[in-house]
Amino acid sequence: MIPNDPLQNILYIDLSRNRFRVEPRPDLFEKHLGGTGVAIELLHETCPAGVDPYAPEAPIILATGPLVGLLPLASKAVAMFKSPHTGNLGESHAGGRTAVAIREAGYGAIVIQGASSLPLYLVISDGSVRFRDATTLWGMRHANTAARVIREHESGAGVRTIMRIGRAGENLVSYACVKTETYRTFGRLGLGAVFGSKKLKAIVVAGKHSLPVTDRRAYRRVYDQIYQAAIASPLMKKYHDLGTSSNVLPLNAIGGLPVRNLQAACLEDATRISGEGLAEGYLGRRLACAHCPVGCIHIAALREPYANEPYFYKTTMISYDYEPLYALGTMLGIADPADFLRLLDVVESWGLDAMSTGVVLAWATEALERGLISTQETSGLPLSWGDAATYILAVRNIVEQPNDFYRALARGVEYASSVYGGQEFALAFGGNEMPGYHTGPAAHLGWLLGLRHSHLDNAGYSIDQKPTDPPPTPEALVDALMKEEQWRQILSSLVICFFARGIYTPEIVQAALEVAGLPRDAAALEQIGESIYRRKYAFKVREGFSIEHLRIPQRIYETPSSLGMLDEEFMRRALVHAKKRLEG
Amino acid sequence: MRLTVVDSERCVGCQLCMFACSRRSGKGGMAESCISVTSIGGMERGFKVVVCRACQDPPCARVCPTGALLPKQGGGVQLIPDKCIGCGRCAMACIVGAVQWDVEINKPMICVHCGYCVNYCPHGVLAMLPIENHVMAEETAQ
């Protein structure tokens, strides 16, 4: 490690005592690189076994990596915590400016412990931490309003990040998110609720420093290689032009797009709610994360008239992506883009994870349809497919939790279905609501076995979409998923955006690490990837995870996937093999 | 030739120009960047991209008490670091805020119009233009 590299500095913040300290830990970065690798070590060090995710002792770890601030597309920040949603490993990644701001403020990772008695926000800059009163910001209707106040109150414009929660986080909805720079999100597994449990409304991090490299010429050479590859890449063009929502039409065409709580995997008229449809009718601006030439963030401009005043309009800017289009669109039978955008805007304003919220509402709609619940439970709301206005009211109830039913919905479908029934169509995997792919066995196995139950853990949906003849055996499929997940531990430890995984080949990663002062050969990288994966698995086992306790919702066997009907025996054999590999 | 913001509406806020500017010296990070990109009250409203306009009679040089900023032929200034005492008057004198500050050495960072950043703006926000086209390009860009 380069001796004066600020990457080695870990900032420890104690919210119970309003104190902080910095500890250099070059050992962590030497052994585990950064990001996910360092975060899981810090989690093992600081998170007591079996701790209540809302207890003051439960830590929040934010980690960045050695390539951040040096090379393009190394733009993700990794958050680790104990998830209040699954009661197990919480890991969430976000873009925006968070990673660059933490690195430029002079830290490699931040560990937040304790809990405040009063609402507060943190300002991390100029080598210190300020503890600011957030009493007046607590309870604000819109997460962005609080951020706007902070933005005007604090310095560092242009070189800072503002992470914040909304009412969902304050009210401990177990899938509340943390938003950063308004349009990027630590979305999954409930980091927002952990912030809320600590009375932590927001964190501002700002800095503008230079970062050392081993060889200035080699640095510029590697930089240019990556930059040129990025701007020439067709994948990058796809994400720039339409963004992730370019996936709607292809997935619909192959019958892999979950519709109406996965009662179907294809929507009759998907064009309107596709990337193309939204771009033509609503695209208002593109944005990029710090140090990313792609600019995949697509912002819709929704122009609506006020009902009671002629020629008076408001224009709302709403960031959309594939997963929200699936969860708050097709999964709820919403095919009108304006309806979808209105619902998404409300979900974002409360600070809820869009994916879990959509799946929760889809389960509730089907449960109502089947008579498992009545409008007595829903506080009179007649939830039905495509009715965005009613969903908007239901979302408010999830946040405000006026009765037992909404209190249950605020804990996700796994819990709600354990109380009200309908587990066979409660689409959670490992306790986490499903992403938008019904492409075949690899997608579902990927979420079951992925250590954060995310489609990005191992990209099973991508394996499904490249079918081979003959198709892989369950064992070969699990091996492929695990191999991919282990390599992704390297990428997420270097906090490289997964969209750039084709650019950051093992060779490029080695060249990049060389200039960052952490040279590693291919064999070493493979070994580090496997070791990080094992450390995460060990944490999960410590907190009670077990493959044989995984529940597979019956629904996935009832609706044909892109690769036809899924075979229960195939899935069972795959899980047996995974268990043998992980425990053997 | 002048560095010119030809269309700030195309800016996606990636800051690649800022990183490029700092990288001229071979370092990572943004400490030495002479460009500033900030949102206009929220990213959804777009970005303000500030670069030196290369004034013919630069106010920053006029207020420098030690003569550390030398006006250049054709506009703009050159910093003589040894003369600079880091008082910050130049930054206050620049009404567009084009004098950036390197907090690590406590000295101003002012664009020398080398054009290195232009190679790293894939979205067509920045360009190097002949002096006579400079004002016209600015008019097109508002």
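Chain A is divided into domain 1 (6-206), domain 2 (234-422) and domain 3 (439-501 + 521-583), with bounds that come from an automatic or database domain assignment. This is a predicted model, where local features need pLDDT of at least 70, side-chain atom pairs count only at pLDDT 80 or more, and totals for chains, interfaces and linings use all residues. Residues are numbered from 1 along each chain as its sequence is written, while chains are lettered from A and ligands numbered from 1 in the order in which they are written.

**Overall fold of chain A**
- You will find 23 helices and 18 strands in chain A; these are DSSP runs numbered from the N terminus, with helices being H or I of at least four residues and strands E of at least two.
- Along the principal axes, the C-alpha atoms of chain A fill a box of roughly 65 × 60 × 50 Å.

**Domain 2 meets domain 3**
- The centres of domain 2 of chain A and domain 3 of chain A, taken over C-alpha atoms, are 26 Å apart.
- Twelve residues from domain 2 of chain A and eight residues from domain 3 of chain A take part in the contact (C-beta atoms, placed from the backbone, within 7 Å).

**The core**
- Of the 584 residues of chain A, 59% count as buried (20 or more other C-beta atoms within 10 Å of the residue's own, with C-beta atoms placed from the backbone).
- The largest nonpolar core has 240 residues, of which Ile61(A), Ala109(A), Val204(A) and Trp363(A) touch the most other members; such a core is a set of buried Ala, Val, Leu, Ile, Met, Phe, Trp, Tyr and Cys residues joined through C-beta atoms within 7 Å.
- Helix 13 (residues 354-369) of chain A gives the most to this core, namely nine residues.
- Beyond its neighbours within four places in sequence, Ile61(A) has contacts that include Leu42(A), Phe81(A) and Ala109(A).

**Chain A meets chain B**
- This contact draws 33 residues from chain A and 27 residues from chain B.
- Helix 7 of chain A gives the most to the side of chain A that touches chain B, with six residues.
- Strand 13 of chain A pairs with strand 2 (residues 28-29) of chain B in the antiparallel sense over two bridges, where pairing requires DSSP to find at least two bridges.
- Ser210(A) stands opposite Gly29(B) in strand 2 of chain B.

How values were computed. A residue is buried if 20 or more other C-beta atoms lie within 10 Å of its own, exposed if 12 or fewer, and partly exposed in between; C-beta atoms are placed from the backbone. Two residues are in contact if their C-beta atoms, placed from the backbone, lie within 7 Å.
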